[in-house]
Amino acid sequence: MAFVTIREAKEGDCGNILRLIRELAEYEKLSDQVKISEEALRADGFGETPFYHCLVAEILSAPGEPQGQGIGSKIIKKVAEVALDKGCSQLRLAVLDWNKRAMDLYKALGAQDLTEAEGWHCFRFEGEAMRELAGK
């Protein structure tokens with residue numbers, strides 16, 4: 001069974017965080033959408049007024065060890081703990097429609113699927129659309 005330690009990210013973790021972002025994007029077939037740099041991660045997460053709060057999960061497991069050991073649940077529970085400690089009233093997760101394993105996990109942990117329950121859809125502005133919206 002894998003051993004998991006979840007801790008606050010340090011500035012020195014930015015290279016690995018970016019690598020993980022890229023690996024996740026590749027898994028989700030969204031590699032072309034990764035626009036952030038290690039320098040931007042450093043500035044946004046560890047600058048004078050951090051924009052985000054980042055945790056790192058260090059997982060020690062044997063190569064080829066099977067999934068389903070509760071690592072995802074441990075990570076989500078830790079995020080909920082930190083969010084409550086920081087005064088947050090909710091935790092939102094985004095998942096692609098084909099990732100049934102993730103959706104099943106979130107539901108099993110008590111999350112409500114807002115797309116099903118309330119019809120919410122997520123939208124984003126970026127690049128040219130954002131500049132046009134801002135008149136720049």
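Visitor: Which residues are exposed on the other side of α4?

Guide: Those are K100, R101 and A108. Keep in mind as we go that this is a predicted model.

Visitor: And which residues of helix α4 are buried?

Guide: Within α4, residues 100–108, the buried ones are A102, M103 and Y106. Their arc around the axis spans only 100°, so they lie on the same side of α4.

Visitor: What covers the buried residues of α4?

Guide: The cover includes α3, residues 71–85.

Visitor: What should I look at just past the helix? What follows α4?

Guide: Check the backbone there: α4 is followed by G110, with a positive phi near 105°.

Visitor: Now the stretch ahead of the helix. Where is N99 placed?

Guide: N99 belongs to the loop between α3 and α4.

Visitor: How do I read A40, then? Which helix is it found in?

Guide: A40 is in helix α2, residues 38–46.

Visitor: What separates the C-alpha atoms of A40 and C14?

Guide: The distance is 9.3 Å, for two residues that are 26 apart along the chain.

Visitor: Let's stay with C14. Which residues does C14 touch?

Guide: Leaving aside residues up to four places away in sequence, C14 touches E38, L41, R42 and F46.

Visitor: Which residues make up the largest nonpolar core?

Guide: There are 7 residues in all: A9, C14, I17, L18, L41, C54 and V56. Helix α1, residues 14–27, gives the largest share of this core, with 3 residues. Notice that C14 and L41, which are in contact, both belong to this core.

Visitor: What about rings? What describes a pair of aromatic rings?

Guide: The general idea is to take the distance of the centres and the angle of the planes. In this structure the count comes to 1 aromatic pair.

Visitor: And which ring does the charged end of K29 sit over?

Guide: That would be the ring of W98: the charged end of K29 sits over it, 5.2 Å from the ring centre.

Definitions and conventions: Residues numbered from 1 in each chain as written. Predicted model: local features only at pLDDT ≥ 70, side-chain atom pairs only at ≥ 80, totals over all residues. Heavy atoms only, no water. Buried < 20%, exposed > 50% of the residue type's maximum accessible area, 1.4 Å probe, protein only. Helix = DSSP H or I, 4+ residues; strand = E, 2+ residues; numbered from the N terminus. Arc of directions from axis to C-beta. Contact = heavy atoms within 4.5 Å. Phe/Tyr/Trp six-rings, centres within 6.5 Å; stacked < 30°, edge-to-face > 60°. Lys NZ or Arg CZ within 6 Å of the ring centre and 35° of its normal. Core = buried A, V, L, I, M, F, W, Y, C linked by side-chain atoms within 4.5 Å.
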